[in-house]
Amino acid sequence: MNKKDKNIVVREKLMTQKDVVFTCGIKDVLGRIQEYRVHGHEVTDEMSYCIVENNNMFGKSMNVQKFGPTCATLYTFDMLGNKTTGKIKYEDIEFVEPKVEESNSLKKLPGFLGTEKG
């Protein structure tokens, strides 16, 4: 898959999949890779998107101005009304697979006998 095709796939996944989690190589002060997710909501018959920190409900967030051909353009306003913009290149994005924990249904049933390993 060439670079252009990869950008198209990443762009479509960000715009269409609900609450997709990704990283883009940004580290926090402790050196941990930050995880982000895209949240989309409909405003007056038009989709509006924002990118928020994955681990914190009230964490940092930025609105998506547009999903361009090579990058997503973001913006936010500070307390004084100053606009800050940024870009995330699609080539820097790596999707994080959801963590699925296997559960043993027998552990949830106290006193269930007959299937223990001997």
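How many bridges join β1 to strand β2? I looked this up and found 4, with the two strands running antiparallel. β2 covers residues 33–43.

**Ground rules.** I am working with a predicted model, where local features need pLDDT of at least 70, side-chain atom pairs count only at pLDDT 80 or more, and totals for chains, interfaces and linings use all residues. Residues are numbered from 1 along each chain as its sequence is written, and side-chain values use heavy atoms, leaving out hydrogens and water.

**Terms.** Strands (E, at least two residues) and helices (H or I, at least four) are DSSP runs, numbered from the N terminus. Two strands pair if DSSP finds at least two bridges between them.

**Entry: the hairpin.** I looked at β1 and β2 again. They form a hairpin with 5 residues between them. In the turn, Gly31 has a positive phi of about 85°. Across the pair, Phe22 stands opposite Tyr36 in β2.

**Entry: the whole sheet.** I traced an open sheet of 7 strands, in the order β6-β5-β4-β3-β2-β1-β7, with antiparallel pairing. β6 (83–89) and β7 (94–95) are the edge strands, since each pairs on one side only.

**Entry: Asn7.** I found Asn7 in helix α1, residues 3–16. Is Asn7 buried or exposed? Asn7 has a relative accessible area of 6%, so it is buried (under 20%; exposed is over 50%, partly exposed in between, with a 1.4 Å probe and protein chains only). Leaving aside neighbours within four places in sequence, Asn7 is in contact (heavy atoms within 4.5 Å) with Pro69, Thr70, Tyr90 and Glu91.
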